[in-house]
Amino acid sequence: MIMNLHTHTHHSPDGAPQTVADRVQAANALGLKYMAVTDHVEINRFYPAEYYNAVETEEFFYDGRGVFEGSVAEVIAAQADCAPLTLLAGAEIGQIPQDVEKSALLYNDPRVDLIVGSVHELPGRPDFYFLDYAKEDIPALVTAYFEEVLRLAQTDCYDILAHLTYGLRYLPNRRAYDLTPHLDLIDEILKTVIAKGKAIELNGSGLRKPQPYIDPDLILVRRYRDLGGERLTISTDAHDTKYLGFGVDLLEDMARTAGFSRLTVFQKHEPFYVPL
Ligand SMILES: [Zn+2]
Ligand SMILES: [Zn+2]
């Protein structure tokens, strides 16, 4: 088990109450070589709810700054005693195109090894998790999602583009959704990631569902490879220690099936390859 470069701890509002030290212990028990802690920073809600005259709800996390500071400090402290694991500090920044300036500040924080960049929401809309899909024009919604991911890909505030098909995750019949009409836009995203020297991830959180899937689908991972993509990471997006290694073997298999013989790690944003 080589890596898990996208994980959440108790600092994330939706994370289980487990410390970084708990995760390090579990990672070493699993034989993971690299683990990044990437707690949630929704950059469009960087300050506490009061700043926005809002109330914290299940739908909206606030205080990304507080999460970032707490999480990174705990990871840096844990790095002193994590061997043989290499423990990496970072964050999952949501909605980067909505505040590139603040995202860049976090990206350039000297303590940070890597940033996972995500689109969980379209501007002015809730997380895709909370949409009522019966009321949505789904192809238009998915197009808007990929357009926002392209805007994210065009920034310099991430190392790993997270869960490329997050906008599909909660569709009523996700696995049957036909991506063909979106392939030109997806190619543009992938080409942008490649040109910038960034990576995409194989995100295994969908493997925990009754109808399991990997995000993105194999067809898109192959497309990335065919376009010249070489930088690939693996993550379970675990919010609980019990999922730290869940499905990593399947993710590694998919990477090999798509033609990859090595994976990528980022340390202080510098990429290096590890054999698969
Ligand atoms: Zn995410
Ligand atoms: Zn995540």
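Author: Two strands pair if DSSP finds at least two bridges between them; strands (E, at least two residues) and helices (H or I, at least four) are DSSP runs, numbered from the N terminus. This is a predicted model, in which local features need pLDDT of at least 70, side-chain atom pairs count only at pLDDT 80 or more, and totals for chains, interfaces and linings use all residues. Residues are numbered from 1 along each chain as its sequence is written, and chains are lettered from A and ligands numbered from 1 in the order in which they are written.

Reader: In which sense do strand β3 and β4 pair, and over how many bridges?

Author: Strands of a sheet pair through backbone hydrogen bonds, either parallel or antiparallel. Here β3 (residues 86-94) and β4 are parallel, with five bridges. Gly-90 is opposite Leu-114 in β4.

Reader: What is the order of the strands in the open sheet?

Author: The seven strands run β1-β2-β3-β4-β5-β6-β7, with parallel pairing. β1 (3-7) and β7 (232-235) are the edge strands, each pairing on one side only. Four bridges link β6 (residues 199-203) to β7, and Glu-201 has Thr-233 as its bridge partner in β7.

Reader: Which way do the residues of β4 point, and are they buried or exposed?

Author: In a regular strand the side chains alternate between the two faces of the sheet. From β4, Leu-114, Val-116 and Ser-118 point one way, and Ile-115 and Gly-117 the other. A residue is buried if 20 or more other C-beta atoms, placed from the backbone, lie within 10 Å of its own, exposed if 12 or fewer, and partly exposed in between. Five of the five residues of β4 (residues 114-118) are buried, so the strand is largely enclosed by the rest of the structure.
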